[in-house]
Amino acid sequence: MMGVLDYIKFRFFSEKPNAHNGDKFVEFIDAMGRPVLVNKEKYRGDILPSFFRAEWNNPDNLYIRIIGSLDDGLAAECIEPAKRLLEIDPNVERSKTVYGIVLNKNGKYREAEEFFKSCLAGDGESAAMLCNLAKSYSFQHGTTDLVINTLWRSLELDPNIQNSVGWFASIERERAGEAGYVAALERISALTGSWQADLWLAKHALESKNLDKALALYDKIFQVSSNDSEALFQASGDLGKNGHSRTMVELVGPLYNMEQHGYKPAMNLMQAYVELDERDKGCRLLKELRSLNRPDLVQHVLRFERLLKCDQSAGV
């Protein structure tokens with residue numbers, strides 16, 4: 001169950017990043033769905049330790065708290081919680097990967113390298129660990145052949161880790177420009193089971209005003225990944241950002257299921273329903289969003305209700 005304060009974890013396609021200084025504040029959502037800024041030093045000393053204590057015996061929640069704290073730039077505070085996660089998490093790969101990430105985030109690159117090597121030697125290859133081992137190498141030595149080869153091996157094992165795909169493509173963009181970027185994504189796309197790179201290629205096609213190519217890629221993607229929430233979220237967001245709200249509704253709407261895909265794709269669909277004045281569809285989906293009782297969605301739900309003139313009592 002979500003607490004009174006929790007993190008905003010999404011931004012749908014019409015929104016812009018918050019303007020506050022992330023180096024000085026941490027943003028929460030209160031029980032009424034309102035953003036609250038807390039001084040980072042106060043949060044570091046007075047609030048975060050109690051949050052970690054509350055999740056000390058819950059591996060899933062402790063993992064989420066560690067990742068959120070890393071995103072907030074509080075890596076030093078994650079060392080002991082990451083050690084605790086190693087002790088209690090039945091998902092051994094997850095806990096070991098996170099511990100190595102925490103070492104990297106704290107500038108302990110050599111220690112992280114040795115930790116990942118030890119895990120890989122003892123447990124076998126892991127795409128996530130290899131990606132983060134490549135980061136350890138990169139922090140120490142720059143983008144060497146060892147980094148690229150390690151990252152590529154990670155992609156061969158799992159071509160759909162978003163960070164790995166994005167990093168490999170960005171390396172090639174730096175080396176060979178836009179053509180290198182596209183070629184890198186196409187190389188990843190050719191790997192067995194790959195679909196994440198096709199999402200990036202579809203985004204590139206949309207930004208290049210080539211809707212037909214993007215739609216062909218989406219057709220390929222959803223043949224293998226329509227169950228993936230992030231695939232629907234990214235596709236709907238990219239279509240919306242590039243002015244294709246109608247296409248987004250027609251493509252993503254029939255695939256979307258709240259129970260299966262969670263709330264994030266729904267936020268992009270709702271924005272499109274508002275833009276297209278699709279009141280009935282929007283109000284039906286809004287009823288599902290409202291039933292989640294998530295504080296971080298309250299203000300969005302209220303906004304959509306106002307824009308679509310939904311009758312809450314009637315559910316439309």
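Which strands do the five bridges join, and do they run parallel or antiparallel? The five bridges join strand 1 (residues 25–29) to strand 2 (residues 35–39), and the two run antiparallel. Two strands count as paired here if DSSP finds at least two bridges between them. Bear in mind that this is a predicted model, where local features need pLDDT of at least 70, side-chain atom pairs count only at pLDDT 80 or more, and totals for chains, interfaces and linings use all residues. Residues are numbered from 1 along each chain as its sequence is written, and side-chain values use heavy atoms, with hydrogens and water left out.

Let's stay with that hairpin for a moment. Phenylalanine 25 sits opposite asparagine 39 in strand 2, while phenylalanine 28 has valine 36 as its bridge partner. Five residues lie between the strands, and in this hairpin glycine 33 takes a positive phi near 85°. Four of the five residues of strand 1 are buried, so that strand is largely enclosed by the rest of the structure. Buried means under 20% relative accessible area, exposed means over 50%, and partly exposed is in between (1.4 Å probe, protein chains only).

Now zoom out. The secondary structure of the chain comes to 16 helices and two strands, taken as DSSP runs numbered from the N terminus (helices are H or I, at least four residues; strands are E, at least two). The radius of gyration is 21 Å, close to the 20 Å that the globule rule gives for 316 residues, so the chain is as compact as a globular protein of that length. That radius is taken over C-alpha atoms, and the rule is 2.2 Å times the number of residues to the power 0.38. Along its principal axes, the C-alpha trace spans about 60 × 50 × 35 Å.

What about the inside? Of the 316 residues, 48% count as buried. Among contacts (heavy atoms within 4.5 Å) between residues at least 6 apart in sequence, 53% join residues at least 24 apart.

Finally, head for the last two helices. Asparagine 293, in the loop between helix 15 (279–291) and helix 16 (298–308), has a positive phi of about 55° although it is not a glycine. Asparagine 293 is exposed, with a relative accessible area of 64%. In the segment after helix 16 you'll find lysine 309, another residue other than glycine with a positive phi, near 55°. Lysine 309 also counts as exposed, at 63% relative accessibility.
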